[in-house]
Amino acid sequence: MESITLAINPLLNSRQGIPIEIGIGLVLLALVYYIKVNLVSSTKDFVIANRKIGFGFGVAGLISIWTWAMAVMMSAAQTYTYGLSGLFWFTVPNGLAVILVIPFARKIRSIMPNGYTIPEFVHARFGGSKFAVTVVVLGALFGSLIEVIINIKGTSLVISNVFGTDPKVAALVGLAVVLAYSLLGGLWASVSTSTLSTLLHTVPPAVIIVAVLHQAGGADAIWHSVAAQHHNFLSVTRGDAATGFGITLALGLITATVAGQEYWQVAWALKRKDVSRTFLWAGALFYPIPICIGILGLVGIALHVSLATLGGDAAAIGPYLISHLNLPIWIVILYVVVILTACYSVIDSAFTAISSVFVVDIVKPIAPKIGERNLFVWAKIPMAIAAAVAAAVVLTGADFVTIVLTTYAIRTAILIPLVLSLFWPRMTGAGFVWGTIAAIAIGMPVRAVYGELWGSVTILFVSAIIPIVLGLFNSKSIDLSSLRRVKDATEEGAIAFPVLAPQVAGAE
Amino acid sequence: MSNQFVSPVTLVTIVIGAIIAYFYLRFMWGALVKSVRTRNDPDDGPGDRYHHSLIGAVISVIVSIASIAIYGAGPLFLYWGPILALLAAVAVAYALRDEVNT
């Protein structure tokens with residue numbers, strides 16, 4: 001391996017990054033323009049794709065929506081840090097998190113077929129508990145906003161690492177590009193561009209990794225160099241990967257999907273018969289992406305790339321290798337395209353989630369008689385606001401991995417209350433609110449003192465025990481099938497949030 | 001061999017990838033055209049009766065674990081990742097074709 005010299009590719013320069021961002025944006029914009037003209041003419045088309053997303057678009061769209069900058073860069077980063085154990089703990093919970101949505105997606109489509117958002121469900125479920133709805137609206141908006149921030153940071157990280165472009169300029173251009181096509185097509189735009197992105201997340205990585213294996217000295221030399229380092233890098237059983245990040249990340253990933261507006265929205269947007277198999281195929285077919293790209297982490301170990309060389313950020317291992325292995329420039333650009341499209345597809349789905357929460361849970365309750373044309377305009381405004389807020393936050397330069405784990409910890413607090421709301425008729429609004437608040441109030445200090453794992457376990461425990469205790473003391477239960485009465489919120493004159501009368505347990 | 005193609009194995013991967021991409025894009029376009037054509041059709045077909053979720057989940061998790069662990073078995077298995085990625089593209093293309101034909 002000593003014969004491999006790592007040096008920045010002399011053909012790369014800081015003027016190349018921005019045109020690539022814009023170029024991808026123009027291709028996606030052309031696709032979305034076709035979508036806009038032929039498929040999007042109402043608010044319902046814009047925020048829920050008129051509930052007409054089929055199996056193929058559903059699978060491909062979900063894969064790409066779930067393929068964060070994390071899946072591309074962090075799979076290599078965790079492999080670089082912990083060897084195959086890092087890849088195992090990063091990858092396996094990731095696909096499983098999508099598959100675990102199946103029972104919840106199936107349930108919500110059967111009991112509330114005309115829904116749009118999690119807060120809308122919580123409002124209908126708890127008969128108008130404003131506090132519960134406010135908590136969930138804030139959680140949904142905050143969660144989606146964080147997704148935008150994380151992925152736009154991914155954009156700036158790769159553009160600056162590979163081309164040396166100013167990361168702040170790269171972030172702003174990326175946001176502008178995604179905002180432009182998201183404003184045109186909403187969920188249809190998100191799903192169709194994500195389908196194209198899924199092609200770019202599978203075929204190009206195969207080409208890139210085969211080229212990297214050759215350029216880094218060959219699979220034989222790489223494998224033996226890693227094996228010779230005696231840190232169990234080629235084992236999947238290292239305990240420090242599980243305790244270091246694996247278990248916490250697994251809990252957070254499951255929370256991100258089961259309690260994530262982006263995934264509920266897709267569950268409501270799919271054709272009824274395709275819901276279960278779409279989530280299964282998407283979860284299963286997501287796996288190959290990090291499994292393939294994670295090899296970059298092994299190459300980093302084999303070539304003895306130090307963390308200091310990466311500026312202390314293991315997430316930079318992929319961009320560093322690609323730009324320093326003297327690969328043809330088209331392969332470097334292909335890698336950048338893979339990461340940028342991963343970032344873009346998550347950002348556009350987050351924009352759409354923010355849009356639907358804003359329309360259904362904020363605009364409609366305030367102005368229930370708002371006309372379709374005005375509602376369509378209001379559906380786009382929060383996307384621009386979210387982009388502006390994300391730009392402001394990204395320009396401050398916060399740490400990448402810490403943001404991810406912190407967001408997941410907070411979202412964990414609503415996971416169990418939400419699950420109980422779906423399946424347990426005695427679950428109460430008070431249980432939902434106080435379970436969530438107490439979990440964050442107790443769990444976050446525990447996390448600060450005892451670390452990620454104990455913080456997450458505490459949040460889950462508290463958020464479970466309070467609703468269960470309050471529910472056991474509750475003598476009334478709601479007939480969950482009454483949620484079928486909830487009307488389609490974007491239809492003119494539809495009453496947002498009909499309050500459902502609770503029924504005495506056993507009465508149904 | 002031009003160094004633009006890096007190695008013979010890379011060139012073979014590019015050719016296979018291009019063939020997969022062609023069919024992927026063809027089926028994606030077909031699914032898009034069908035979505036436009038059927039945009040006003042009611043979704044009044046059968047409900048969600050898919051019964052293979054659990055076994056499908058178990059199989060996919062086992063295959064993913066095996067696919068990671070196998071990297072440790074020898075140098076040649078490092079090529080399993082790229083093969084798996086290409087197979088994933090084929091499977092998604094199949095799903096898009098299913099949408100066109102159903």
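Reader: What should I know before I start?

Author: Residues are numbered from 1 along each chain as its sequence is written, while chains are lettered from A and ligands numbered from 1 in the order in which they are written. Since the model is predicted, local features need pLDDT of at least 70 and side-chain atom pairs count only at pLDDT 80 or more, whereas totals for chains, interfaces and linings use all residues.

Reader: At what angle do helices α9 and α17 of chain A cross?

Author: Helices are DSSP runs (H or I, at least four residues), numbered from the N terminus. Axes are lines fitted to C-alpha atoms, for helices over the stretch in contact, and angles run from 0 to 180 degrees between N-to-C directions. Here, α9 (residues 167–215) and α17 (residues 329–366) of chain A cross at roughly 145 degrees, and their axes come within 6 Å. The contact of α9(A) with α17(A) is made up of 19 nonpolar residues, 13 polar and one charged. Ala, Val, Leu, Ile, Met, Phe, Trp, Tyr, Cys and Pro count as nonpolar, Asp, Glu, Lys and Arg as charged, and the others, Gly among them, as polar.

Reader: How many residues does the largest nonpolar core have?

Author: Such a core is a set of buried Ala, Val, Leu, Ile, Met, Phe, Trp, Tyr and Cys residues joined through C-beta atoms within 7 Å. Buried means that 20 or more other C-beta atoms lie within 10 Å of a residue's own, placed from the backbone. The largest core has 220 residues, and Ile317(A), Ile339(A) and Val92(B) have the most contacts inside it. Its largest share, 26 residues, comes from α9(A).

Reader: Which residues does Ile339(A) touch?

Author: Two residues are in contact if their C-beta atoms, placed from the backbone, lie within 7 Å. Setting aside neighbours within four places in sequence, the contacts of Ile339(A) are Ala69(A), Val72(A), Met73(A), Gly154(A) and Val158(A).

Reader: Which domains does chain A have?

Author: Domain bounds come from an automatic or database domain assignment. For chain A this gives domain 1 (22–410) and domain 2 (424–475). Their centres, taken over C-alpha atoms, are 27 Å apart, and each domain gives 13 residues to the contact. On the domain 1 side, α11(A) gives the most, with four residues.

Reader: How many residues of chain A are in contact with chain B?

Author: 63 residues of chain A meet 56 residues of chain B. On the chain A side, α9(A) gives the most, with 15 residues. By class, that side has 39 nonpolar, 15 polar and nine charged residues.

Conventions: Helices (H or I, at least four residues) and strands (E, at least two) are DSSP runs, numbered from the N terminus. A residue is buried if 20 or more other C-beta atoms lie within 10 Å of its own, exposed if 12 or fewer, and partly exposed in between; C-beta atoms are placed from the backbone.
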